[in-house]
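Dear colleague,

Please find below the structure that I am handing over to you. My notes on it follow directly after.

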Amino acid sequence: MSALRRFAVASLGLATIATLTPGVAVSAAPPEPQPAGFTNLQQATKALQQMTLEDKIGQLFVLFAYGPDATKPDARNTALYGVATPAEVIAKYKPGGWIYFNARDNVQNPTQLATYSNQLQQAALKTGLRLPLTIATDQEQGVVVRVGPPATQFGGNMAHGAARDTKDARTAAGITGRELKAMGIRQDYAPVADVNVNALNPVIGVRSFSSDPKLVSDLTVAQTKGYQQDAGITATAKHFPGHGDTATDSHTGLPVINHTLQEWNTIDAPPFKAAIKAGIDSIMTAHIVVPSLDPSGDPATLSKPILTGVLRNQLGFKGLIITDALEMAAVRAKYGDAEVAVRAIEAGADQLLLPPAPDAQFKAVVDAVKSGRISERQINESVLRVLVMKLKNGGLFQPFVDPAKVVRTVGTPGHLATAQQIVDKSITLVKNSTNTLPLSNQARNVLVTGWGVATTQSLATSLTKRGATTTVAQTGAAPTDAAIADAVAKAQANDVTVVLTQKAWDTTVTDKLAKQQKLVKDLLATGKTVIVVAVRDPYDIAYFDQAPTYVATYGYQAVSMESLAKVLYGEIAPAGKLPVDIPVAGAPATPLYKFGHGLSW
C-alpha cells in the first residue's frame, strides 16, 4: 500500500471508496473531454501522483469571477487575475473550487446559474487535469443567501432555533441542498455552528441557531444530515473555533475571543464536535484570535495550534478544512497576502477561499514547497482530501446538470409550501401587554413602516390579502428626521401601525444616530396602536421596552412576512421561543427576556 493510500485509509477514515459508483452525467450536450472518472481511492491517489506541483496547488484554491457567463469578458476579472473571462481564470489556475456571489453579478436566475455551472465545468475539463470544480456558495438561508427567489427561501438559523424542531431543520437543509445541486452547486458553506452568546455580535447574530450550545449542536447535526445524506452535497460547518462571542466584524477588523479554555470547551466546541461525529465533510475556519487556544495573536485561520493541534488532533476531524475568505480584513491585518496563503496551509488548511492577490499567493505557495518550508507530502494530503470530497458529493461523476430540468426542483410548489409551514413555527411573540394581538378580522387601515423596501412591501401584500387597507412608508436602517416625521403623520391617519426594525440596537455601524429607536418611540408617542417587529436580531426591544407589542421573526424574507401576517391575524398561534437571552440595554449579563420566553394564545 502506498504512503498516500495509507494516509487516506488512516487519516481520512476511509477503508475504501470503491462503493461509490459513478452516476450518469446529465447535460443537454455533454462537452468533451469527459471527467477523469475516479471511482475509488486507488485511482484518486494514482491521479494525484501524476499531477505537477502547480496542478496540486491549483486544487487548493477556491476562486470566483465577476459576471454571469463563463465566456464573457469583464474588466474586473482582468484587474484581479490578468485574464478577462471566468473560463480563462480556470485555464490559468486550474482551481479545485469555485464560489458564487449574487453581489458579484454571478446570479440572475436558477436556469442561468445551471448553465453557468456547466460552462465552468466545461472549462475545467478542458485543462489537462480533467478534474471538475467543486462549485460552492453561501446559502445559509435567512439573512445570508446568494440565490434568492424563485429558489426556496427559509427563515434562517435563529428561526430554526426558535422553532426547536430538528426534523424541520433537516428538511430545510435537504430542500436547500437539492435545489443547489440542481443548479450545479455541490457544496454549501453552511450550517453556521457558532454559538451567539454576545447580543452585540455584529457579524453572526441570527446566522446562529442559538446561544445554547446543546440547541446549536442538535440543529447543526440535523442540517449536516439534510445537506449530506438527503441532498448529497457537501456541508461546511463554520466558523471554527467559534465566532459567537465577538463585538468586532471580521470583515473589517480582527476579533479577539477571550473565552477561557473551559469556556471554549463548554460553549464553542460542542457544535463542532457534534458535526464531526455526524460526519461533516468540511469545516471553515474563522479569522479570530483565541488566546486560550493560541496565545501568539495569530487568527485561527493561520494558527497551527488551532487547526492542526485542536481541530485535527484533539477533535479528530478528518475532512477538508477551508479558510474563510482571505480577502477579509481580519486575516490580512498582520501579514501580507502572499504570507497569509503560506501560513494558512502551514497551519493545516486544505483550501484557500477567495485569495485577494491570486498570482502572488499562488506563487508563494509554490515557492514555499520548493524551498522545503511546506512539504509536498502535506500538499498531497490536502489534495487527496479535495479529491475525496469530490468523490463523496458526486461532482466528480456528474459535474453537469440539465438547465431545462431546474424548474422541476428549484422553488417547486411543494418546496415553497414546506418552507412556509416550517417558518410558521418560528414567529415569537415577546410582548403583548395590551392584548393587541391577535387582530380581529374587521376592516382597518394599516401603516407598514420601518426597515426594508422589499420587506415592508411583502408584509403589506400579506396584510392586504387579509382585508387590510395598507400604506407603506419605508424608512431604511438609518431613518432621516423627515422620514420619521412622515411615518408619524401617516400613523396618526391609520388604525394600526406595524413598524419593522432591523438591528436597531446597532448604533456603531447600522444606525449610528439611533434613528430607528427614535422612529419607534415617536410612533409610540402618537397613542395609536403600534406593533413593533424585529425582522432580524431579536434584541431590539431592549432599546424601546415601553412598546406594548413586540414580535421577533429572525428573518425578513417574504416567507417570514407571510408567517408574521398569520400570527398578527390569529390564523396561527405564535409558537416560537426565544433561542437567546435578550439582555437589558447596557447590561449584557442581565436578561430582559430570557431564553425560552415566548407568548401565545
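How many of the residues of strand E9 (residues 428-432) are buried? Five of its five residues are buried, and the strand is mostly covered. Please bear in mind that this is a predicted model.

The sheet that contains E9 is open and has six strands, in the order E9-E14-E13-E12-E10-E11, with mixed pairing. E9 and strand E11 (469-474) stand at the edges with a single partner strand each, so one side of each has no neighbour in the sheet. From one strand to the next, the twist averages 20 degrees.

Two of the pairings may be described in detail. E9 is joined by four bridges to strand E14 (residues 549-552), and these two strands run antiparallel; Leu-429 stands opposite Val-551 in E14. Strand E12 (residues 496-501) and strand E13 (residues 529-534) run parallel and are joined by six bridges, with Val-496 opposite Thr-529 in E13.

Helices also pack on this sheet. Helix H18 (residues 481-492) touches E10, E11 and E12, and its direction makes about 165 degrees with that of E10. Helix H17 (residues 453-464) lies across strand E10 (445-450), E11 and E12, and runs at about 175 degrees to E11.

Turning to a pair of helices, the axes of H16 (residues 413-424) and H20 (residues 558-568) come within 9 Å and cross at roughly 55 degrees. That angle makes H16 oblique to H20, and the crossing is right-handed. On the H16 side the contact is made by Ala-419, Gln-420, Val-423 and Asp-424, and on the H20 side by Val-559, Ser-560, Glu-562, Ser-563 and Lys-566. By class, this contact has three nonpolar, three polar and three charged residues.

Ser-426 lies in the loop between H16 and E9. Ser-426 counts as buried because its relative accessible area is 1%, and the cut-off is under 20%. Leaving aside residues up to four places away in sequence, Ser-426 touches Ala-159, Ala-162, Ala-163, Ala-552, Tyr-554 and Gly-576.

With kind regards

Conventions. Residues are numbered from 1 along each chain as its sequence is written. This is a predicted model: local features need pLDDT of at least 70, side-chain atom pairs count only at pLDDT 80 or more; totals for chains, interfaces and linings use all residues. Side-chain values use heavy atoms; hydrogens and water are left out. Axes are lines fitted to C-alpha atoms, for helices over the stretch in contact, and angles run from 0 to 180 degrees between N-to-C directions. Angles under 35 degrees count as roughly parallel, over 145 as roughly antiparallel, 65 to 115 as roughly perpendicular and the rest as oblique. A crossing is left-handed if the near helix is turned anticlockwise from the far one by less than a right angle, and right-handed if clockwise. Contact means heavy atoms within 4.5 Å. Ala, Val, Leu, Ile, Met, Phe, Trp, Tyr, Cys and Pro count as nonpolar, Asp, Glu, Lys and Arg as charged, and the others, Gly among them, as polar. Buried means under 20% relative accessible area, exposed over 50%, partly exposed in between (1.4 Å probe, protein chains only). Two strands pair if DSSP finds at least two bridges between them.
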